[in-house]
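Please open the structure in your viewer and keep the selection tool at hand.

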Amino acid sequence: MISESILTLLKREKNSSGLSASLLSSSLSLPTSSVYEGIAELKKLGYKIETEKGKIYRLTSVPDSLIPLEIHDNLKTKILGKRILSYRTLKSTNDLAYRLAEEKAPEGTLIVAEKQTAGKGRLGRKWLSPPERGIWMSLILRPKIPPAKAPGLSLCTGLALVQTIREKTGLKADLKWPNDCLIEGKKFAGILLELSAELDKVNFVIIGVGVNVNQVQDDFPKNLKGKATSILMESGKRYSRVELLKTFLEKLEKIYLNFKTFGLKFYLEEIKSSSSMLGHKVKLLYGKEKIKGIVKDIDENGSLILETRGHLGTISSGEVTLI
Ligand code: BT5
């Protein structure tokens with residue numbers, strides 16, 4: 001892509017006095033007219049490029065947009081995000097990912113949108129995805145594992161997210177079984193796993209992740225006030241969504257490869273120590289059933305071990321709240 005090659009050169013020379021159109025054209029063996037077109041395209045994508053005397057170009061800032069040009073830049077993964085489809089608006093990145101996976105899209109394909117108009121949570125719930133405030137993304141994975149092991153990927157994803165936020169922001173992010181990530185008890189991210197499987201084999205898994213990065217309090221409706229939060233609200237700082245996404249992909253890839261080889265047990269201790277529920281009294285909503293108990297453990301399939309009136313039960317899904 002012409003604009004990508006021009007951008008690579010402009011980034012390399014970011015601190016110099018700039019590059020001339022003729023130098024760009026000779027370095028890339030392109031006619032000058034293509035250089036002008038490439039520069040115009042980059043400006044349209046939000047890159048700030050200073051122009052001197054109409055012919056010397058200097059890159060002064062890059063957009064925090066979830067576009068392949070930025071996500072691919074120095075991304076150290078071998079599978080995740082190698083192919084990226086990026087949109088201004090989608091109904092749901094998960095829906096598109098599912099369709100593409102059915103059409104044989106390769107493992108690691110990443111779908112991102114700046115805004116979702118029908119972002120999905122679990123069980124038909126909605127996920128608010130306002131424009132340019134968060135990371136709304138889905139990944140296509142094709143692990144060769146039995147379907148019963150697939151829910152473990154939700155905890156693996158949560159772990160990668162918690163590791164990312166802790167490392168990049170210093171905030172104490174926690175996992176809330178089975179699919180939430182919290183800071184100070186408030187939800188900043190949710191994970192939605194969708195599975196296509198036969199009895200003994202997974203065809204593909206869609207990992208949908210929504211991360212609230214730069215929302216302010218007023219971006220949330222009344223019913224989520226005090227329950228939902230963003231990285232900006234917790235840290236007081238704006239973080240680059242692109243940088244968070246890249247770190248997350250790198251961490252998730254490492255965890256995913258170990259998960260496929262060794263199973264969830266490889267990360268179980270870290271998952272447990274990052275989990276806000278362990279040892280606490282909780283209320284579990286499972287369909288229409290309500291159970292109270294103490295969270296004793298998380299097992300190697302990612303199920304919750306709940307003690308209720310002296311009995312231990314294994315819970316594979318549901319909604320848990322601290323009491
Ligand atoms: C989840 O569901 O937490 C999974 C959310 C997954 C969203 C991603 S975004 C990219 C990808 N494409 C999609 O269409 N979805 C995935 P659940 O545990 O059911 O939580 C949903 C509940 O969280 C809602 O009913 C609200 O109460 C609350 N909620 C909605 N939007 C929120 C937000 N932006 N931040 C925090 N809480 C939210």
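Select leucine 123 first. With a relative accessible area of 78%, leucine 123 is exposed; here buried means under 20% relative accessible area, exposed over 50%, and partly exposed in between (1.4 Å probe, protein chains only). Leucine 123 lies in the loop between strand 5 and strand 6, where strands (E, at least two residues) and helices (H or I, at least four residues) are DSSP runs numbered from the N terminus. Although leucine 123 is not a glycine, its phi is positive, at about 50°.

Before continuing, note that this is a predicted model, in which local features need pLDDT of at least 70, side-chain atom pairs count only at pLDDT 80 or more, and totals for chains, interfaces and linings use all residues. Residues are numbered from 1 along each chain as its sequence is written, and side-chain values use heavy atoms, with hydrogens and water left out.

Next, select arginine 309. This residue is not a glycine either, yet arginine 309 has a positive phi of about 40°. Its place is the loop between strand 13 (304-308) and strand 14 (311-315), and arginine 309 is exposed, at 80% relative accessible area.

Move to tryptophan 177 and proline 178. The peptide bond that leads from tryptophan 177 to proline 178 is cis, with omega near 0°. Proline 178 sits in the loop between strand 7 (173-176) and strand 8 (180-183).

Which residue meets lysine 187 in a salt bridge? The partner is aspartate 180, at 2.9 Å from N to O; a salt bridge is a side-chain nitrogen of Lys or Arg within 4 Å of a carboxyl oxygen of Asp or Glu. Aspartate 180 also forms a salt bridge with lysine 176, at 3.5 Å from N to O. Aspartate 180 counts as buried because its relative accessibility is 6%, and lysine 176 is likewise buried at 11%. Lysine 187, by contrast, is partly exposed at 26%.

The structure holds 23 salt bridges. For another of them, select arginine 88 and glutamate 132, whose closest N and O atoms are 2.4 Å apart. This pair links distant parts of the chain: arginine 88 belongs to strand 4 (residues 84-90), while glutamate 132 lies in the loop between strand 5 (110-116) and strand 6 (134-141), 44 residues apart. Arginine 88 is exposed at 54%, and glutamate 132 is partly exposed at 38%. Then select Lys11, Glu70 and Asp73, which are linked in a network of salt bridges.

Is threonine 164 buried or exposed? Select threonine 164 in helix 6 (residues 152-169): its relative accessible area is 1%, so threonine 164 is buried. Leaving aside residues up to four places away in sequence, threonine 164 touches Leu244, Thr247, Phe248 and Lys251, contact meaning heavy atoms within 4.5 Å.

Proceed to arginine 58 in strand 3 (residues 56-61). Arginine 58 is partly exposed, with a relative accessible area of 25%. The C-alpha atoms of arginine 58 and serine 303 are separated by 54 Å.

Finally, select lysine 290, found in strand 12. Lysine 290 is exposed, at 64% relative accessible area.
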